Amino acid sequence: MIWPLNGGELQLGLFALAFAALQIWWISSTMRGRRLARPMNEQEFKRSLERIWKQNSQRR
């Protein structure tokens, strides 16, 4: 049997949905930050520097 929603239940549901979305965003951004914080090997470092130099030369 379905009961009608009142305003408070609707607001609580929207708040819970927003909170869950923020939690998912926060966890994914934390995991992305950890992936970026790992040490690079020599080849990755060279690629990173080349990308930076390429961006700088395009701006001039």
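Is Leu17 buried or exposed? What we have here is a predicted model, where local features need pLDDT of at least 70, side-chain atom pairs count only at pLDDT 80 or more, and totals for chains, interfaces and linings use all residues. Residues are numbered from 1 along each chain as its sequence is written, and side-chain values use heavy atoms, with hydrogens and water left out.

Back to Leu17, then. It counts as exposed, with 59% relative accessibility; the terms here are buried for under 20% relative accessible area, exposed for over 50%, and partly exposed in between, using a 1.4 Å probe and protein chains only. Leu17 sits in helix H1. Helices are DSSP runs of H or I with at least four residues, numbered from the N terminus. If you trace back to Asn6, 11 residues away along the chain, the two C-alpha atoms are separated by 17 Å.

Leu17 also belongs to a nonpolar surface patch of about 620 Å², together with Trp3, Leu5, Leu10 and Leu14. To be counted in a patch, a residue needs over 30% relative accessible area and no salt bridge, and nonpolar side chains (Val, Leu, Ile, Met, Phe, Trp, Tyr) are joined within 5 Å, like charges within 9 Å. The areas come from the Shrake-Rupley method with a 1.4 Å probe, and for residues only the protein chains shown count as cover.

Now look at Ala16, also in helix H1, which covers residues 7-37. Ala16 is partly exposed, at 42% relative accessibility. From Ala16 to Trp26 is 10 residues in sequence and 15 Å in space, C-alpha to C-alpha.

Let's move to helix H2. Its 18 residues, 42-59, reach 26 Å from first C-alpha to last, close to the 26 Å expected at 1.5 Å a residue; that expected span is 1.5 Å times one less than the number of residues.

Side chains of opposite charge can pair when their charged atoms come close. Lys46 is partly exposed at 45% relative accessibility, while Glu42 is exposed, with a relative accessible area of 57%.

Thanks, everyone!

Key
Helices (H or I, at least four residues) and strands (E, at least two) are DSSP runs, numbered from the N terminus. A salt bridge is a side-chain nitrogen of Lys or Arg within 4 Å of a carboxyl oxygen of Asp or Glu.
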